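Q: How should I read the helix packing, the pockets and the backbone details in a model like this one? Please take the features in turn.

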Amino acid sequence: MNSNTLSDTDIRHHLHPFTDYSAMKREGTRIITDADGHYIIDSDGNRILDGMAGLWCVNVGYGREELINAATEQMRRLPYYNTFFKTSNEPAARLSEKLVEIAPDGIEHVFFANSGSEANDTIVRMVRHFWTLEGRPEKQVIISRTYGYHGSTTVAASMGGMGAMHDQGASLPDFHQIRPPYGFLYQGNMDEATFAETSANWLREEISKTGADNIAAFIAEPVQGAGGVIIPPAGYFDHIQAICREHDILFVADEVITGYGRTGQWFASQTMGLKPDLIATAKGLTSGYQPMSAVLVGNRVARTLIDDGGEFYHGFTYSGHPVAAAVALANLGVIEKEGLIDRVREDTGPYLKEAITRLDDHPLVGQTRSFGLLASIELVADKNGPVMFENEGETGMICRDHAIQRGLMMRAVRDGMILSPALTFTRDDIDMLIDIAAAALDDTLKTLGRTK
Ligand SMILES: *Cc1c(COP(=O)(O)O)cnc(C)c1O
């Protein structure tokens, strides 16, 4: 089947996630047929450097035999059995032990699901159940942040801070949002310490409005991913955690992107010195080779659930799926054996931070920033100010299309260009990525009819 026919078939019958359907019908879809190392290959034979690791998940790169073999062997031996009602399987049991070994201190239990959204739904159920068991059933409200992304089930989208998702039927009650510590927009002339305190106080204000007695938990991504790689100022989470402790509000870290090495430790909680009560993880757990997520449950919540909880009426047919768990174990094995976390912390993370500043002088660039192997290039209409584009998102999309034309997959969030490469990227790969991004910026300038 040639690629046109495939794309025609696809747009006729397939409703894609996060897609404008009339634009899709007009423009067709890009069919990805193969992948190799750090490249994806489309049905026209284009090789595209994957600057996004799929969707922030293919941490060990494509085509890893270790993961493929683990899946094949496990499928042959036991392709499926459930983990309900005191049943288990070998990979799920071993994976729970492994996750506790690498988790931050104070975490000794794991609940498995299939996606980041399900992990976050699970967390909402768990924290509300926890407070009920503690005799405080009125503690229901979950606080999160604007531009936070916690997934797309109705609960996860209500909890997230994406207004467009709320407007399409995902605005359940008892989910409140505060402003994120988005320095590029809100820092102004404040120094970093002042901005950290100021932005953490937005949580304090929300608590005094809603009342600590009604609040179950505060959830935050250590670095906001889909919201535009928003990196908090140093000290922000120290203030946040102190405020949570002061008001007896559980602190939840959504590490669906930051988990499994991306920030130079197993978890960003370790990089940033956080002590979350619960952690949502998914994406990099299996490097995307299988759908799987894991909620890491801290001892305070776990003890109450285990000692006083009775049956927890929650779970999924595929919780603890043996094939996914086997792939996760193989994936964590690769990360460990190849020293990928040390490499990100000591070598490629710092190298990306330096390399991306080569773009700072470009007329379209308002700011570059990175944390581990997460980065953003903020495009602006005018560097002086900076002045944002009037038609938000349009320029980002133009730049994204130019990047793909030039053989780099990077994503646009509003007018920020987002990068999240595989942990296996070398310095040379990073140089290539930055060179193509620079060329795409020049192309974008031309498309906008500007010379500077
Ligand atoms: C992707 C993501 C999710 C949702 O994960 P799905 O597997 O798409 O449900 C949740 N939280 C964060 C931080 C994410 O990046």
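Q: At what angle do helix α10 and helix α11 cross, and within what distance do their axes come?
A: Axes are lines fitted to C-alpha atoms, for helices over the stretch in contact, and angles run from 0 to 180 degrees between N-to-C directions. Helix α10 (residues 192–210) and helix α11 (residues 236–246) cross at roughly 25°, and their axes come within 8 Å. Helices (H or I, at least four residues) and strands (E, at least two) are DSSP runs, numbered from the N terminus. This is a predicted model, in which local features need pLDDT of at least 70, side-chain atom pairs count only at pLDDT 80 or more, and totals for chains, interfaces and linings use all residues. Residues are numbered from 1 along each chain as its sequence is written, and side-chain values use heavy atoms, with hydrogens and water left out.

Q: Is the crossing of α10 and α11 left-handed or right-handed?
A: A crossing is left-handed if the near helix is turned anticlockwise from the far one by less than a right angle, and right-handed if clockwise. For α10 and α11 the crossing is right-handed.

Q: Which residues of α10 and α11 meet?
A: Contact means heavy atoms within 4.5 Å. From α10 come Ala196, Glu197, Ser199, Ala200, Asn201, Leu203, Arg204 and Ile207, and they meet Tyr236, His239, Ile240, Ile243, Cys244 and Glu246 of α11. By class, this contact of α10 with α11 has eight nonpolar, three polar and three charged residues. Ala, Val, Leu, Ile, Met, Phe, Trp, Tyr, Cys and Pro count as nonpolar, Asp, Glu, Lys and Arg as charged, and the others, Gly among them, as polar.

Q: At what angle do α6 and α13 pack?
A: The angle is about 65°, and the axes of α6 and α13 are 10 Å apart. α6 passes α13 in a left-handed crossing. Met126, His129, Phe130, Trp131 and Leu133 of α6 make the contact with Arg300, Val301, Thr304, Leu305 and Asp308 of α13. Six of these residues in the contact of α6 with α13 are nonpolar, two polar and two charged.

Q: How much space lies in the second largest pocket?
A: On a 1 Å grid over the protein atoms alone, a pocket is an open set of points where a 1.4 Å probe fits, with protein on both sides within 12 Å along at least five of seven lines; lining residues have an atom within 4 Å of a point. The second largest pocket holds about 990 Å³ of space. Thr83, Val110, Phe111, Phe312 and His314 are the closest to its centre among the 30 lining residues. Two or more lining residues come from each of α5 (90–102), β4 (107–113), α6 (116–133) and α13 (299–308). β4 gives the largest share, five residues. The lining has 15 nonpolar, 12 polar and three charged residues.

Q: Which residues does a cis peptide bond join?
A: The bond joins Gly385 and Pro386, with omega about -10°. Pro386 is in the loop between β12 (374–379) and α16 (394–405).

Q: What is phi of Val229 near?
A: Phi of Val229 is near 45°, a positive value in a residue other than glycine. Val229 lies in the loop between β7 (215–220) and α11.

How values were computed. Grid points are joined across faces, edges and corners, and a volume is the space filled by probe spheres set on the points.
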